[in-house]
Amino acid sequence: MKILSITILAAMFMLTAACSSSEADTSAQTTETTATSGGQENVKDDDSQQDVVKVAVGSKDHSTLVAALKQAELVTSLSNAGPFTVFAPTNAAFDQVDKATLTALMTDEKKADLQNILQYHVTVSALKADYLQDGQVLGMVNGDNVTVSIKNGKIMLNNSATIIASVPASNGIIHVIDGVLLPPSK
Amino acid sequence: MKTNLTKILALLLITGLVFQSCKPKNAGNASSSGSAEKAYVAPGKYDEFYNLVSGGFSGQMSVYGLPSGRLFRVIPVFSVDPEKGYGYSEETKPMLNTSHGFVPWDDLHHTELSQTNGEVDGRWIFGNANNTPRVARIDLASFKTAEIIELPNSAGNHSSPFITENTEYVVAGTRFSVPPDNANGDIPIDTYKENFKGYISFISVKKESGEMDLAFQIECPGVNFDLSHAGKGKSNGWFFFSCYNTEQANTLLEVNASQRDKDFIMAVNWKKAEEYIKAGKAKRIPAKYAHNKYNEKTHTATSEMKKEVLVLDAKALKDICYFIPCPKSPHGCDVDPTGEYIVGSGKLAALIPVFSFDKMLKAIEGKQFDGSFEGIPVIKYEAALYGEVKKPGLGPLHTEFDGKGNAYTTFFVSSEVVKWNIKDLKVLDRAPTYYSVGHLCIPGGDSKKPNAKYLIAYNKITKDRYLPTGPELTQSAQLYDISGDKMEMILDFPTIGEPHYAQAISADLVRDRSIKFYKINENENKYVTKGEGQAKVVREGNVVHVYMTSIRSHFAPDNIEGIKMGDVVYFHVTNLEQDWDVPHGFAIKGATNAELLIMPGETQTMKWEPDKVGIFPMYCTDFCSALHQEMSGYIRVSPKGSSVPLSYSLGKTKPIAKN
């Protein structure tokens with residue numbers, strides 16, 4: 001253990017030295033405190049309740065969604081105080097989307113479209129399933145609306161996706177859905 | 001094997017960390033030495049700007065220097081401040097009087113500097129009390145709260161204290177609509193739609209003295225008035241208020257006040273309102289509200305309870321208020337320096353609408369209405385709309401202006417400040433904030449003449465930005481240099497309370513007006529002692545008045561005997577110093593209030609009711625001199641009915657003063 005610490009210290013010293021020599025004019029008073037990019041997703045905190053992003057990251061059924069959120073640069077926003085309701089399509093739900101379309105959406109050229117679709121899955125307000133009513137219209141982050149319908153105890157969105165589970169998070173709630181919601185075409 | 005793996009991982013981690021910290025920082029980062037220099041003000045040098053920042057739930061206002069971010073003063077406004085004796089001394093207690101009695105705390109959200117011809121003039125700054133609705137005026141010569149006026153018929157005074165371009169009026173709007181004060185309030189809460197009203201208040205400000213008076217109120221439908229700004233230049237004579245909860249929900253607003261696609265900006269023609277008042281169309285309605293003033297000569301506050309208010313009915317008068325639809329719970333309501341563009345920031349909206357004042361006037365003339373809401377005409381959205389900033393960011397809140405045709409809007413959800421051009425509505429630059437920005441401030445950024453060298457973002461969340469201090473962390477301000485095309489973060493500093501809106505002003509407009517002390521021969525306090533020879537102790541039944549002086553480095557008198565259990569003792573301490581930066585403090589062991597902090601030439605009074613027999617030391621609390629530690633004395637408290645005669649002395653014993 002002691003050896004390890006020394007090794008680490010030595011490594012740190014070397015790297016710091018390398019760092020200061022390459023940036024000779026960076027004076028000692030400029031302490032590094034800021035992450036270079038991103039926001040609250042970089043906060044190191046394994047103690048607090050997980051936010052919607054961390055919950056999604058921790059779910060093996062949501063790896064497509066998480067990859068899409070990263071590509072759409074929505075991780076910073078969703079790590080914010082919220083409160084958010086995220087309708088989170090499962091990997092299986094994404095699998096129903098035409099593969100070529102999905103692949104295209106993951107390219108930088110289509111980032112705006114991807115953002116639009118993903119923002120259509122988020123509303124600013126923590127809506128427990130109990131708060132959702134048949135016929136209720138939800139204003140989503142992208143500016144379009146989603147309509148809720150309830151039949152035989154099943155909560156559906158736009159008559160195309162069903163809530164299959166709900167997971168509370170520190171900054172809102174995730175409703176896992178079995179379909180991808182597509183914003184109305186304009 | 002495991003150890004080796006751990007070792008390798010640890011090394012990799014550290015390598016990563018160190019390399020990451022080696023990376024050249026991007027524009028949003030304050031850590032490059034070039035940026036640090038921009039915020040550096042050498043010891044002994046003055047800052048370029050005063051930054052007057054709301055203290056949020058501290059109830060106070062704080063004064064920082066820019067660009068250094070150094071904190072100079074916390075001005076007590078709506079909350080007691082034991083450090084300064086504010087709300088504890090007999091002279092300042094009336095400042096916190098309300099129709100509910102003495103209220104020791106409030107929540108100050110917004111600050112607004114007085115203006116002349118639409119430019120900040122450095123005379124006063126106003127602050128709003130959000131909880132028990134009030135507006136305060138702070139004098140920028142003394143940096144003290146000079147006046148507080150309460151607002152009847154209101155609750156949650158949020159859209160305040162914004163002013164007209166010559167400080168004719170300070171406004172206030174009720175965030176929580178309630179039944180009017182003189183109506184029966186003992187009604188079911190779910191009768192909101194029928195019985196709850198939203199009042200907006202126009203407080204007049206006297207040109208020379210700054211004295212406030214509640215000129216009139218306008219009764220409007222029950223909604224939540226959130227923020228406001230006056231028209232300026234061409235739109236002078238109008239005031240604009242954002243409103244949310246046009247659903248008129250009274251429960252779970254998080255869900256129920258977010259149902260409609262559009263809420264409103266309410267445009268108020270206050271010149272028209274003035275005409276109606278002249279024409280006798282306003283009603284005098286019984287009301288009860290406190291008006292508290294601090295007199296600089298007597299160094300004493302007085303509280304007057306007012307009995308009525310002039311009220312105009314927006315619905316009946318038809319043409320003083322108009323609603324403009326504005327997407328999704330508008331929060332910020334900001335008017336550009338030309339007065340033509342009104343920016344509404346719908347906190348749940350995916351775009352920022354910019355309304356045109358000219359188009360709005362035409363729409364009103366041409367009656368391009370989309371029906372009415374609770375009897376108030378609703379202007380067609382497109383008829384008043386100049387254009388929309390598309391996809392600017394997530395969660396727009398507030399906008400300030402640089403006077404060069406650009407607007408800067410904060411986005412809470414996406415934690416950023418976005419610069420955009422007002423004419424073509426194109427986004428020009430983005431800068432991250434750490435984290436979750438609320439308000440922002442540019443010096444003069446809501447006036448006709450911004451002085452746009454810096455922009456300050458006020459953040460709600462700091463999480464890992466500073467050394468942790470348990471569950472409660474500081475809020476922060478982040479300073480950006482906006483003199484170039486791109487915003488560059490140059491400083492990040494913690495703030496007191498929770499900063500909401502702030503104002504900044506060139507130090508040149510304030511610095512030279514700052515007073516250094518109060519002239520002792522102008523002190524008209526009822527209990528002033530203008531020299532040590534006049535120091536005395538006077539008994540009136542069980543009330544004892546101690547006329548005391550303080551000067552480096554003693555009190556006169558400093559030995560007092562003959563105080564008895566059951567006495568109520570008033571220490572009227574006059575600071576005889578006539579020198580800059582020499583306040584004296586005064587404290588007594590066991591006193592259940594706070595210290596006095598007495599400025600040079602000022603008199604302040606502590607009320608003391610001794611709780612037991614014995615010797616009580618008193619001393620100066622503000623390090624005043626080399627013999628500060630010697631600046632102390634004793635008070636002897638004897639049992640009730642004791643024969644110990646009243647006596648007082650400094651250096652020697654004097655006979656009892658006769659009444």
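The model is predicted. Chain A holds seven helices and seven strands, and 32% of its 186 residues are buried.

**Chain A overall**
- Read from the N terminus, the elements of chain A follow the order α-α-α-α-β-α-α-α-β-β-β-β-β-β.
- Of the contacts in chain A with a separation of 6 or more, 61% join residues 24 or more positions apart.

**Helices α3 and α7 of chain A**
- Two packed helices are described by the angle between their axes and the distance between the axes.
- Helix α3 (residues 63-71) and helix α7 (residues 111-119) of chain A have axes that come within 9 Å and cross at roughly 125 degrees.
- The angle falls between the 65 to 115 range for roughly perpendicular and the over 145 range for roughly antiparallel, so α3(A) is oblique to α7(A).
- The crossing of α3(A) past α7(A) is left-handed.
- On the α3(A) side the contact involves A:Ala68, A:Leu69 and A:Gln71, and on the α7(A) side A:Lys111, A:Leu114 and A:Leu118.
- Sorted by class, this contact has four nonpolar residues, one polar and one charged.

**B:Pro286**
- B:Pro286 lies in strand β16 of chain B, which spans residues 283-295.
- B:Pro286 counts as exposed because it has 10 C-beta neighbours inside 10 Å, and the cut-off for exposed is 12 or fewer.
- Leaving out residues up to four places away in sequence, B:Pro286 touches B:Asn182, B:Lys307 and B:Glu308.

Key
Residues numbered from 1 in each chain as written. Chains lettered and ligands numbered in written order. Predicted model: local features only at pLDDT ≥ 70, side-chain atom pairs only at ≥ 80, totals over all residues. Helix = DSSP H or I, 4+ residues; strand = E, 2+ residues; numbered from the N terminus. Buried ≥ 20, exposed ≤ 12 C-beta atoms within 10 Å, placed from the backbone. Contact = placed C-beta atoms within 7 Å. Axes fitted to C-alpha atoms, helices over the stretch in contact; angles between N-to-C directions. Parallel < 35°, antiparallel > 145°, perpendicular 65-115°, else oblique. Left-handed = near helix turned anticlockwise from the far one by under 90°. Nonpolar A, V, L, I, M, F, W, Y, C, P; charged D, E, K, R; others polar.
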